[in-house]
Amino acid sequence: MQKLSEMMRARAAELLAQGAVGRVLGWRSGGLGYDPSPAFFHSAEQLPELVYNGFCAANLSKYLIKAGENDGRTLVFLKPCDTYGLNQLLSEHRIDRDKTYLLGVGCGGMLDMEKARGKGIKGVGSLEEAGGAVVFQTLYGEKSCPRSDLLLEKCIACKGGEHMAYDELLGAEETAANTGFDRFAGVNELEDMPAGERFDFWRGQLSKCIRCNACRNVCPACSCNQCVFDNARSGVSAKANADSFEENLFHIIRAYHVAGRCTDCGECSRVCPQGIPLHLLNRKLIKDINAFYGPYQAGADPDSLPPLTDYTKEDVEPGVVTTRGGATGC
Amino acid sequence: MCGNQKHAVDLLIPTLGVVTGIRTDTADVKTFRVNGVDGGVCFAHMPGQCAMLSIPGVGEAMFSITSSPTNTGYMEFSIKKCGSLTDWLHQMEVGQQIAIRGPYGNAFPVETALRGKDLLFIAGGIGLAPLRSVINYVRHYRGHYGAVDIVYGARSKGDLVDYEEIKNEWSTSEGIQVHLTIDRPQVGWNGHVGFVPDYVKALGFGPHRTALVCGPPVMIKFVLASLLEMGFAKTQVYTTLELRMKCGIGKCGRCNIGSKYVCKDGPVFRCDELDHLPDEY
Amino acid sequence: MLKLSVSRIPELLAAIGGARALFLPARSGGQVNFTRWDTGVEYCGEALNTVKSAKDFFFPQSENLLTFQTQGKSISITPGGVPEEPFVIFGARPCDVRAMDILDMVFLSDPQDSFYKARRESGVVVAMACNAPEETCFCGSFGIDAADPPGDVAAWIVGDTLYWDAKTEKGEALTGELSALFSQADGGDLAALKTHKEEIASILERLPLSDLRPQSVGGSLLELFSSEKWGELSQACLGCGACTFVCPTCQCYDIQDFNTGHGVQRFRCWDSCMYSDFTMMAHGNPRTSRLERFRQRFMHKLVYFPENNGGQYSCVGCGRCVSKCPVSLNITKVIKAFGVKENVR
Amino acid sequence: MPIEREWEPLIVAFCCNWCSYAGADLAGTSRLNYPANVKIIRVPCSCRVNPLFILRAFQRGADGVIMAGCHPGDCHYTSGNYYARRRMTLLFSMLDYMGIESGRTRVEWISAAEGGKFAAVMNEFAGAIHELGENRRLGDIRCKNYQK
């Protein structure tokens with residue numbers, strides 16, 4: 001990835017110098033080795049700070065909405081999965097394709113620092129990726145961990161190394177091995193539980209919610225100028241964890257509002273400070289959509305019609321929820 | 001609430017007031033007379049201070065108290081209709097109870113810096129509301145102050161708040177000159193036409209005066225420029241600001257301009273104090 | 001100085017929690033948060049910080065202020081109850097305990113917040129020294145010693161011994177109730193504790209953020225406010241409230257009404273200056289963009305708050321925002337960006 | 001303080017203006033009985049029913065929520081009920097997934113001529129909700145007590 005970073009910096013410098021792009025949207029290195037932040041680069045002098053490593057999980061496509069207010073094109077680096085979110089924004093006319101220059105970059109899967117902490121890796125001074133492992137130099141000694149053990153949930157469920165949209169590709173040969181992971185396994189497991197247990201599972205998870213709205217704000221599909229949860233007159237309390245109902249309401253509506261548009265990018269789960277598996281809500285909707293209305297991958301094709309803005313006369317009736325053996329009382 | 005648990009006494013918990021009079025001033029401004037449930041005022045205040053008024057389920061907001069503290073019979077609030085709470089207030093009828101807490105903020109220095117001075121009040125539109133309290137206070141203690149000039153402007157004649165009181169009481173008070181202006185010529189208006197900042201300059205007040213300014217932010221800005229041009233020092237000009245407030249006591253964290261809280265350190269600021277604050281209001 | 005075998009911590013917790021509410025870091029749903037003790041709830045000491053700080057117990061995320069009943073034109077007001085139930089917080093870290101002093105500056109300054117005050121009076125804080133500070137920690141930048149916790153009781157875990165030192169009257173009272181459990185620490189214990197503190201100190205020195213200095217933020221209030229750096233720094237910010245809600249010192253709140261159908265509850269809840277409706281007024285918003293909201297948060301912590309509170313920064317370096325920000329933006333990056341050269345790493 | 005009284009289910013029925021609401025009218029004029037604790041909310045089209053409405057009804061004390069619209073193909077606005085059908089299918093499935101009893105939600109297609117069906121559906125649904133008991137999982141504790 002070191003090499004790929006260099007290629008990215010070089011190409012960005014070229015395009016900036018040619019005037020083909022006015023700014024570069026990438027990731028700027030932080031001080032801790034695992035904390036790059038999305039950033040705009042305006043000149044070649046700033047580019048040495050551009051990094052690309054295993055902690056560049058943030059999807060940059062949503063920043064293009066704001067960047068589009070500027071003149072000229074914005075060069076953006078997109079990992080394969082990021083391009084689904086980009087396509088979704090394009091199909092919703094939130095981004096002007098002509099003002100973007102899409103530089104697809106290969107991705108070997110992004111890493112989750114929380115997982116490293118869970119393995120007792122603390123006090124990280126620096127880290128290095130070497131041959132399928134990540135080596136951490138910590139205050140409490142050197143710790144090494146296989147890369148595959150640290151993959152983010154969204155990368156375990158990788159959609160594959162193919163970019164859905166790009167102007168140019170760099171390092172595309174670097175792809176995550178397809179693990180054959182069934183992304184609906186978690187959903188199936190929950191569906192097989194009795195309703196009471198499912199209810200307890202979700203209460204246990206959602207009661208942790210601190211109402212920070214990070215899941216909403218990071219979501220490339222949540223691009224409304226004003227969210228219903230920010231409207232004081234809508235009667236929902238956006239920031240108060242007033243009671244369990246409000247928690248349920250927020251999470252049901254959040255997932256529901258992106259139904260058919262959610263690309264399963266997994267950013268919501270990645271950013272949740274409380275580690276709530278929000279992807280299990282989104283994937284349930286995706287699974288249902290696939291089962292009821294035919295397989296659909298949001299963001300794969302910007303010209304496709306999302307399932308909730310479409311219908312057929314033969315669609316299943318809502319009663320299917322009960323008749324297919326959904327839980328009743330218990 | 002049950003058991004023997006004590007009920008909280010807190011500044012965030014309002015008391016009750018009752019609306020005993022409603023006067024329609026302009027198309028979008030009404031003046032509400034409010035009494036405590038047992039009559040009189042809800043609490044004592046000084047000119048320039050504010051109160052939090054609320055309607056259950058609708059919301060709570062800060063309003064300046066327009067009546068003078070010298071009036072102990074009732075309190076008055078001149079309120080412009082501009083949001084959900086004020087819409088509701090405008091639909092109230094006499095006898096409606098409201099929740100009220102206060103007083104909040106500092107006040108105009110009527111007993112210190114303003115004592116003995118020649119005063120110049122400059123207001124635009126609903127900006128007269130906080131100044132009215134001072135004007136009536138000054139009228140009450142007329143001997144404590146020098147000459148008084150009031151420059152008041154609005155978009156049209158119909159937008160002048162308290163027009164009757166201005167015409168019948170202020171204009172007839174001894175030693176008080178009232179100068180009214182409206183933005184555009186209007187049938188039935190024989191007075192001055194023009195914007196307040198220009199009118200202030202045209203009237204040419206001497207720079208020894210102390211000015212109290214309130215109105216739309218853009219008017220305040222231009223009036224201040226006019227006054228400085230006329231030789232006023234910033235230390236001679238007072239204004240009053242407003243921002244979104246929730247607590248009224250400098251704790252909820254939203255009405256700050258730099259390190260100052262408008263609810264606690266304001267709303268009255270001397271203009272030289274504003275120079276030390278960021279331009280975020 | 002008293003001591004207790006670590007294996008007897010469950011007994012200690014049962015003795016405290018049996019008599020009153022006890023909150024302690026415990027793992028649930030994969031995360032460590034302060035949890036109310038009950039049989040089976042285990043103290044999770046290996047986690048350095050809980051996701052949410054201990055401020056919840058003094059300044060809850062939502063609390064009811066009062067209830068209105070309306071009938072025709074009449075209103076009646078029932079104030080909320082005074083939160084007088086005694087409780088103990090066990091295992092708060094030194095940074096979190098210091099954060100309570102910062103909240104005191106807000107809520108106990110005149111006029112005092114009676115809800116907060118009641119909770120402050122009825123809560124006892126047992127603070128736990130940090131054994132293994134992490135790279136996100138920078139409490140030292142704010143003069144906090146992770147090896148020497150403030151609080152009503154200071155506690156340390158050294159090997160398989162828990163040391164317990166009551167520091168205040170409230171702490172003494174709690175200790176008195178539990179005296180049967182403890183034995184007196186002897187000279188050997190004190191020496192072990194001293195060595196332990198020195199070990200922690202040496203770790204603290206080697207933390208990557210150990211030389212971060214908020215004092216290095218140079219310039220006057222107006223210079224800092226109008227700096228062009230805010231634009232660049234705030235670009236990545238998502239405008240979520242994660243940093244605010246995990247922060248032990250953020251104290252801004254909102255007051256809202258909720259119509260229950262049988263009365264209106266007026267409650268207060270945490271608010272975030274990062275949210276667009278924070279300063280929204282009927283006639284507009286003085287902080288229109290993310291830049292202004294982002295600037296407000298850090299100016300408040302590093303400039304406004306110290307100006308109003310004798311130089312005290314509104315940050316304790318707990319590192320929660322460092323590890324929880326979805327895009328890895330945090331106060332350390334801001335301090336570094338504004339730091340004058342010689343203090344910047 | 002909660003007022004002790006025997007629990008009666010509260011049912012909210014969102015009825016489209018053109019078919020189901022007229023069906024309810026017909027049920028009334030035909031003197032067909034259906035439970036009084038079915039509260040009807042008229043909407044211009046079944047498609048108007050936002051998922052927030054359904055959740056809000058549960059928050060405010062509903063024990064069951066039913067949405068009734070024109071038969072597929074008969075929508076006054078041509079296709080509103082087709083969209084509504086997809087939306088409700090996904091929402092109800094989601095609620096079921098969260099552990100909310102799936103019997104608490106239902107969609108029925110009732111035409112203006114089907115007064116009898118309206119009454120039968122409401123009676124049957126009210127019975128089913130009575131069986132299920134009080135909605136505890138998706139209620140708002142603040143709105144409990146004093147339910148009228």
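**Four chains, question by question**

Me: What percentage of the 148 residues of chain D count as buried?
Reply: A residue is buried if 20 or more other C-beta atoms lie within 10 Å of its own, exposed if 12 or fewer, and partly exposed in between, with C-beta atoms placed from the backbone. Chain D has 148 residues, and the share that counts as buried is 56%.

Me: What kind of model is this?
Reply: Residues are numbered from 1 along each chain as its sequence is written, while chains are lettered from A and ligands numbered from 1 in the order in which they are written. Local features need pLDDT of at least 70, side-chain atom pairs count only at pLDDT 80 or more, and totals for chains, interfaces and linings use all residues, for this is a predicted model.

Me: Which pattern does chain D follow along the sequence?
Reply: Helices (H or I, at least four residues) and strands (E, at least two) are DSSP runs, numbered from the N terminus. Read along the sequence, they give β-α-β-α-β-α-β-α.

Me: What is the radius of gyration of chain D?
Reply: This radius is taken over C-alpha atoms, and the globule rule is 2.2 Å times the number of residues to the power 0.38. For 148 residues the rule gives 15 Å. Chain D comes close to that, so it is as compact as a globular protein of that length, with a radius of gyration of 15 Å.

Me: Among contacts in chain D between residues at least 6 apart in sequence, what percentage join residues at least 24 apart?
Reply: Two residues are in contact if their C-beta atoms, placed from the backbone, lie within 7 Å. Take the contacts in chain D between residues at least 6 apart; the share joining residues at least 24 apart is 83%.

Me: Which strand supplies the largest share of the side of chain A that touches chain C?
Reply: The contact takes 37 residues from chain A and 42 residues from chain C. Strand 2 (37-41), strand 6 (124-130), helix 7 (195-206) and helix 8 (214-218) of chain A each supply at least two residues of that side of chain A. The largest share is four residues, and it comes from strand 2 of chain A.

Me: Which residue in strand 12 of chain C stands opposite C:Asn64?
Reply: Strands of a sheet pair through backbone hydrogen bonds, either parallel or antiparallel. Strand 4 and strand 12 of chain C pair in the antiparallel sense. Opposite C:Asn64 stands C:Phe267.

Me: Which residue of chain A is in contact with C:Gly239?
Reply: C:Gly239 is found in the loop between helix 7 (229-234) and helix 8 (242-246) of chain C. With 17 C-beta neighbours inside 10 Å, C:Gly239 counts as partly exposed. Leaving aside neighbours within four places in sequence, its contacts include C:Met274, C:Ser276 and, from chain A, A:Asn217.

Me: Which residue in strand 8 of chain B is the bridge partner of B:Ala123?
Reply: Strand 8 (residues 148-154) of chain B is mostly covered, with six of its seven residues buried. Six bridges join it to strand 7 (residues 119-124) of chain B, and the two run parallel. The partner of B:Ala123 is B:Tyr152.

Notes. Pairing = 2+ DSSP bridges.
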